[in-house]
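Please look over the sequence and the model below before reading on. The paragraphs that follow go through a few of its features in turn.

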Amino acid sequence: MLKIGFGPQGLVVIEGRLDAAQAATAQGFLDTVNGSTTLDCSALEYISSAGLGVLLKTQKRLKANAGQLRLTGVSRHVHDIFRYAGFDQIFEIAPAA
């Protein structure tokens with residue numbers, strides 16, 4: 001199950017699992033954001049390669065228009081996935097407190 005939407009202070013909040021079954025839902029929402037956007041991943045439990053693809057596509061689109069996708073509240077487990085995939089070099093990532 002995945003929930004994605006706007007939270008406080010204009011953050012995009014994502015909760016649950018971002019896998020192949022939920023990738024289209026996440027992509028549909030992220031296609032509506034513009035400029036520099038912060039994605040709160042505090043409640044993101046898991047991300048698959050399909051989910052990584054959604055975030056990469058969004059980052060490329062935003063950067064082409066002088067924006068970026070910043071990730072915050074990233075758990076250690078999810079941060080490890082980003083690091084193994086080399087995505088820690090593509091995204092500004094703030095780990096969970």
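Is Asp80 buried, exposed or partly exposed? This is a predicted model, and in it Asp80 has a relative accessibility of 22%, so this residue counts as partly exposed. The side chain of Asp80 meets that of Arg83 in a salt bridge, with 3.1 Å from N to O. Because the two residues are 3 apart in helix 3, about one helical turn separates Asp80 from Arg83. Arg83 is also partly exposed, at 41% relative accessibility.

Side chains of opposite charge can pair when their charged atoms come close. The structure holds 3 salt bridges. Another of them joins Arg70 to Glu92, where the closest N and O atoms are 2.8 Å apart. This pair links distant parts of the chain, since Arg70 lies in strand 4 and Glu92 in strand 5 (residues 92-95), 22 residues apart. Arg70 is partly exposed at 26% relative accessibility, and Glu92 is partly exposed at 40%. There is also a salt bridge between Arg17 and Asp19, with 3.8 Å between the closest N and O atoms. Here Arg17 is partly exposed, with a relative accessible area of 35%, whereas Asp19 has 17% and therefore counts as buried, the limit being under 20%.

Leaving out residues up to four places away in sequence, Leu39 touches Val12, Ile14, Leu55, Leu69, Arg70, Leu71 and Thr72. Thr37 is placed in strand 3 and, at 8% relative accessibility, counts as buried. Apart from neighbours within four places in sequence, Thr37 is in contact with Val12, Leu62, Gln68, Leu69 and Arg70.

Two loop residues remain. Most residues other than glycine have a negative phi. Gln9, in the loop between strand 1 and strand 2, has a positive phi, near 55°. Ala66, in the loop between helix 2 and strand 4, has a positive phi near 65°. Are these residues, Gln9 and Ala66, buried or exposed? Gln9 has a relative accessibility of 80% and so counts as exposed; Ala66 is exposed as well, with a relative accessible area of 75%.

Methods
Residues numbered from 1 in each chain as written. Predicted model: local features only at pLDDT ≥ 70, side-chain atom pairs only at ≥ 80, totals over all residues. Heavy atoms only, no water. Contact = heavy atoms within 4.5 Å. Helix = DSSP H or I, 4+ residues; strand = E, 2+ residues; numbered from the N terminus. Buried < 20%, exposed > 50% of the residue type's maximum accessible area, 1.4 Å probe, protein only. Salt bridge = Lys/Arg side-chain N within 4 Å of Asp/Glu carboxyl O.
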